[in-house]
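I opened this notebook to record what I looked up in one structure. The entries follow the order in which I went through it.

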Amino acid sequence: MKLKLGQKLAEGKTKEIYELADQPGHVLVQSKDQITAGNAARKDQMEGKAAISNRTTSCVFRLLQEAGIKTAFVRQQSDTAFVAARCEMIPIEWVCRRVATGSFLKRNPGVKEGYRFSPVKLEMFFKDDASNDPQWSEEQLIEAKFCFAGLAIGRCEVDIMNRSTVAVFEILEKAWATQNCTLVDMKVEFGVNVMTKELILADVIDNDSWRLWPAGDRSQQKDKQVYRDLKEVTPEAMQMVKRNFEWVSERVQLLLEPQSQGRVVVLMGSASDLAHSERIRSACSSYGIPCDIRVTSAHKGPDETLRIKAQYEGDGVATVFVAVAGRSNGLGPVMSGNTVYPVINCPPLTPDWGAQDIWSSLRMPSGLGCTTVLSPDAAAQSAAQILGLSDHLVWAKLRAAMLNTWISLKQTDRKLQACNL
């Protein structure tokens, strides 16, 4: 689809941003073949960098969006450009660090390179080339009383950006770990959507944005630090830098693919439990987890129950069983006693006998380890947490959901306080 470009809205060291005349509220972010370091004190052309960077940032934003993080990214438009929601950018770089290196060591003498931050270390820097991007505190940002696209940047917004930066880092850290790469640190930026007035992750996230150490080994670093460290910029050196960028852009596409695909199998005692079971399946789909529903009674047909169990044990796919049985729950205990796979009880309790029936799910014989939850959504979430241990895409959805719940509570509290005032 050919776009009708409007005026150039901004130009940075590595990209240009154009208004889209036929798509109000959207812009085209066009990458350049330029690579810089030290606030452009060092600056070179690297043929093909625009396409490499655009491919990298498009994959990263797709991963984050599919997880549930709100971003400005809309779609990749071409080899060197993507379409994004138009934002008024907040002039702060948020830096999240897992491992101490680089400028942190210079600002904190005595800390050895490789010191691991747990929890991650969060810093912010005011974007001002003339002052060499000075580090700011939360208090400075709040007292700056910024307002973008009609949204005042106060304590609530700063807290949201804090939490969002950490969540984004942890999602990408988990994803890169599947490629045996340590995400050492990274920077992100936020903007306010001019149409929705929403605070969202914006700008780009590419190989200029982070430090990546394969196998946790700095000598194998693949990020822009290789360019920064060059004693002399030669054609051979630039080819090496380009190969590193290409390596990252190839690997980052693998982050969109699950490393292992798990599933949930709901076993229900009778067809009357279908509505309850369908709620579990629906919740599983929100995490991208396939879910089968089977009907079997451990009381009336234990041999069939164990035969169904064996079907799912024999193909090597990571599986969580959810037992849905009212009245006397035999399904969960029988399954738990005959499989090493996780079993979750989620009984559909009725108002009349529910208080008595629940004990058949809670009081287990020794040697059985099935857990019990009453909410179908909670059963799906618990299964997702188990499968997310080996599937970074499921883990990412859980992490983003946790962030979004926190943001919703934060914003609701702010609205309530405003009403009370």
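**Entry 1: the annotated span**

I began with the record: UniProt, in an unreviewed entry, places the feature "domain: PurE" at residues 262–409. UniProt positions are in the numbering used here, feature names are shortened, and annotations may be inferred rather than shown by experiment. The model is predicted, and I noted that local features need pLDDT of at least 70, side-chain atom pairs count only at pLDDT 80 or more, and totals for chains, interfaces and linings use all residues. Residues are numbered from 1 along each chain as its sequence is written, and side-chain values use heavy atoms, with hydrogens and water left out.

I looked up the ends of residues 262–409 and found their C-alpha atoms 31 Å apart. The span is 48% helix and 15% strand. Helices (H or I, at least four residues) and strands (E, at least two) are DSSP runs, numbered from the N terminus.

**Entry 2: helix α12**

I took α12, residues 376–387, next. Its 12 residues reach 17 Å from first C-alpha to last, close to the 16 Å expected at 1.5 Å a residue; the expected span is 1.5 Å times one less than the number of residues.

Which residues of α12 are buried? I listed Pro376, Ala379, Ala380, Ala383, Ala384 and Leu387. Seen down the axis of α12, these buried residues fall within an arc of 135 degrees, so they line one face of the helix. Buried means under 20% relative accessible area, exposed over 50%, and partly exposed in between (1.4 Å probe, protein chains only). The arc is that of the directions from the helix axis to the C-beta atoms.

The buried residues of α12 pack against β17 (263–268), α7 (274–286), β19 (319–324), β20 (343–345) and α13 (392–420). A contact here means heavy atoms within 4.5 Å. At the N-terminal end of α12 I found a cap: a side-chain oxygen of Ser375 lies 3.2 Å from the backbone nitrogen of Asp377.

**Entry 3: helix α7**

I then turned to α7, one of the elements that α12 packs against. Its 13 residues reach 19 Å from first C-alpha to last, close to the 18 Å expected at 1.5 Å a residue. In α7, His276, Ser277, Ile280, Ala283 and Cys284 are buried. Seen down the axis of α7, they fall within an arc of 120 degrees, so they line one face of the helix. They pack against β17, β18 (291–295), β19 and α12. After α7 comes Gly288, with a positive phi near 75 degrees.

**Entry 4: aromatic pairs**

How many aromatic pairs does a search of the whole structure find? I got 12. Rings of Phe, Tyr and Trp (its six-membered ring) pair if their centres lie within 6.5 Å; planes under 30 degrees apart count as stacked, over 60 as edge-to-face and the rest as tilted.

Phe61 and Phe73 are stacked, at 6.0 Å centre to centre and 5 degrees between the planes. Phe61 sits in helix α1 (residues 49–67) and Phe73 in strand β6 (residues 73–76), 12 residues apart. Phe61 is buried at 1% relative accessibility, and Phe73 is buried at 5%.

**Entry 5: the chain**

Of its 421 residues, 49% count as buried.

Notes:
A polar contact is a pair of N or O atoms within 3.5 Å; within protein, one must be able to donate a hydrogen and the other to accept it, and residues adjacent in sequence count only if both atoms are side-chain atoms.
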